[in-house]
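Let's walk through this model together, starting with a sheet and moving on to a helix pair and a pocket. Keep the viewer open as you read.

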Amino acid sequence: MTTLLETRALEAFYGDFQALFGVDVTVGEGETVALIGANGAGKSTFLRAITGLLPAKGQKVSFDGQEIAGLPADRIHKAGLAMVPEGRRLFPSLTVEENLLIGASGGRKGPWSLAKVYDLFPDLVAKKNNPGTALSGGQQQMVAIGRALMSNPRLLLCDEISLGLAPKVIKDIYEAVPRIREGGTSILVVEQDVGQAMAVASRVYCFMEGRVTLSGPPGELTRAEIAAAYFGTKTDEEAA
Amino acid sequence: MTVTTPTMPAQRTNRIALALRLLLGLVTVALALAPVWAGRADLRLLMEVLSFLALAQMWNLLAGYSGLISIGQQAFVGLGGYLFFALAMFAGVPLLAALPLAALLTALVALPTGWIAFRLQGAYFAIGTWVIAEVFRLSAAQIGALGGGSGISLPVDLARSLAESRGAREVVMYYIAFALGLVSVLLVWMLLRSRWGLALTAIRDSEPAAEAVGVATRKVKFLIYVLTAGVTGLVGGFIFLQKLRITPEAAFSINDWTAFVIFIVVIGGIGTIEGPIIGVIVFFALREVAADWGTWYLIGMGAIAIAVMLIDKRGIWGAVKARYGLSILPVGRVLDAAPPAKPD
Amino acid sequence: MVWVNAIVQGVLLGGLYALFAAGLSLMFGVMRFVNLAHGDFIVTAAYLMLALVTGFGIHPAFAVLFVLMALASAGYLNQRILLNRVLGADLLPPVLVTFGLSIIIQNALLEVFSADSRRLNAGWLDTASFRLSEDISIGALPLLMFVAAVGVIAAMQFIFYRTALGRMLRATSDDPEIVPLMGGNNAHIFAIATLIASVVVGIAGIFLAMKTNFDPAAGPARLLFAFEAVIIGGLGSLWGTLLGGVILGVAQTIGAQIDAGYQILAGHLVFLAILVARPRGLLPKM
């Protein structure tokens, strides 16, 4: 399996505050990887650092054979890395369709188009001329995912896409994952819901206090190991 | 992001602060005795310096501490000037009583103008204050009793009521200017040391945070707006007492009473009491050297203001203070000893 | 009848004010940025037009093209090199930088063109008019100005709501932080917004040159008119800005009809009255 994304000893800072301490994560071509961890463990910071929203000058992040650390976010996006941001962040003055179209601004070619997105999320067709923010939470999340797909990414980053949604809606949204992967897009999801993450991912990384405390395929990890890595119950001193 | 840890040992910082405080004290004493040692031209210059110091302290209180960027303070300079002339000439109020009365009336007029201007936010507030100043200027030009567009002079016998001889008049006027400069500094200093100071410092550092801890930011800002209008009107009254003549163009000049004042505050260090003092020195030093360059002098001032914003928007004293933790006029707040780093 | 005439002339004058205001409105809409040197840029465009036509004898059509191209590139570069560096939550830097620019431009114009008041001779446009009745006739130039204002605002409206560029501008206005995640470069998008605004400033400056006498200190008054039109119309609404310009124009011509000294004052007072009665303007959008 070829490596698509690889970070080596990634560090990230908010001003003087260090939020990531030497994080190594790899995502292979065609893989679905999940990052789990409690609030404030550094998962979202990790996404911000690799997408260029947080400055990452001098760091080592390779993507699709290219060194992307320190590049501006729009260049990283054009290299094929798209993100569904936490809280969806739809553009309120744009319609659903305009929100989707803006995702295609980078001009990358590939399988995804308006028609394909509507095919993936048929609920959106009837709403395409509504303002993005007039939709239900689940539908808004579909728009946010569709908007990211419109750029035909090699890797799709999903930040807390199940947050605040009903279980039925979460299930609908996660049903799209296999179809996204079929199009040749790898997926990296950030989840607080460990069960959901284990179900969808081929490998998981557990974050705690800015470090990776555990990683591996879900089948090989025990409940106790995960609880320890998640809450730091046993490895408190090692982590510190 | 800048880190504002003092890089000098505290003892040395304290010694420098003490020396600067001593220097400030000496300068104040020297200014108090100026009529003894200064010639007539120097005295005139000092009056102007002190008037600008007062205007700058007021603009700093408004913009630096309350976040109200006004580019219409000439409204209150001019209004104070015109009210002073009107009170003295038509109501027969003695000159020395007309000044504070004009200031009070200016503050009263600021109540409705503030009520209107506060409907606008941010940069639009700035332009709104300018519109109000223009309304005042155009209205003044329409008032025939005050000379309309060509202005009016203070009758000589009225000026004489201040003191019989010209020399004595200038000494009286000098002490008014001295009081204005001194009081403006002390007023801001004491305000910041009072319970208002905490609210103002909180608003300066972060308005949403100030609101979150229960500061009634809007009310505090409005009162500061009215207070600075009153003091600015007082200075305006004095400026035109000294000039003995007032015209709409001179009274409501945005260049003289706002642009120069902003320059002084910004170059000296906005949001500090020391900033306007340093700024006024820099401004008059520059003017003595370069005023003959005409338009190039003004172009240079605009360029310096832009450069300060691009290089270090804290200005001279702001940068010094952040680097060395110095404070000549401590306001007695822990916040002030080690100002929080502001993300840029 | 003189009052009807005043209103007609005021409406047409409002076209010029809408042209002054449209660029200001656009820049505020996209990046919450208010350029205090806006009026001075308008006056600079007027001087540029004057210099090209009367100084260098260039055919007016080419001069117009040149002015618009010069303004467009200057606007783009100004945003990229200077103004983008002071955008942000802190209000002071953008206000002071553009206030500083205003002082620099006024004095530079004074240095180059002297304080004399100037005007561009518009030839037949100055004199041609359409007679509507005994007392009311419409000058060709004011009519052209008004038509241009409607055209400019319609074009801006089209760009904003019907093109990919406009979509990006609106998205940036909504949430600039995540626009880079859609492949947009904020620095470039902001500069494009300023470029469009600057072309409108160029058009406004060319009309100003033909319509009235102007001098190097004429900028601030134009900024105030533009600002008043934007606030009267309501922030974020381009058609509102046209309406604001018309109301301001009518207020001024009616004021002038009462007494020549009341023209500008009447405009300011109507603006303040509307600010008191409808703080969000007549056609608010945001």
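In chain A, four strands form an open sheet in the order β2-β1-β4-β5, with antiparallel pairing. Its edge strands are β2 (17-28) and β5 of chain A, each of which pairs on one side only. Strands here are DSSP runs of E with at least two residues, helices are runs of H or I with at least four, and both are numbered from the N terminus. Two strands pair if DSSP finds at least two bridges between them.

This is a predicted model, in which local features need pLDDT of at least 70 and side-chain atom pairs count only at pLDDT 80 or more, while totals for chains, interfaces and linings use all residues. Residues are numbered from 1 along each chain as its sequence is written, chains are lettered from A and ligands numbered from 1 in the order in which they are written, and side-chain values use heavy atoms, with hydrogens and water left out.

Back in the sheet, β1 (residues 3-14) of chain A and β4 (residues 60-63) of chain A pair in the antiparallel sense over four bridges. On its other pairing, β4(A) is joined to β5 (residues 66-67) of chain A by two bridges, also antiparallel. Some facing residues are listed here.

| Residue | Stands opposite |
|---|---|
| A:Leu5 | A:Phe63 in β4(A) |
| A:Ser62 | A:Glu67 in β5(A) |

β4(A) and β5(A) form a hairpin with two residues between them, and A:Asp64 in the turn has a positive phi of about 55 degrees.

Now to the helices. The axes of α15 (residues 295-311) of chain B and α4(C) come within 8 Å and cross at roughly 160 degrees. Axes are lines fitted to C-alpha atoms over the stretch in contact, and angles run from 0 to 180 degrees between N-to-C directions. The two helices, α15(B) and α4(C), are therefore roughly antiparallel, a label for angles over 145 degrees.

α4(C) also gives the most to the lining of the second largest pocket, with six residues. This pocket holds about 900 Å³ of space and is lined by 39 residues, with B:Arg137, C:Ala217, C:Ala218, C:Pro220 and C:Ala221 nearest its centre. A pocket is an open set of points on a 1 Å grid over the protein atoms alone where a 1.4 Å probe fits, with protein on both sides within 12 Å along at least five of seven lines; lining residues have an atom within 4 Å of a point. The volume is the space filled by probe spheres set on the points. By class, the lining has 23 nonpolar, ten polar (Gly among them) and six charged (Asp, Glu, Lys and Arg) residues.

Conventions: Parallel < 35°, antiparallel > 145°, perpendicular 65-115°, else oblique.
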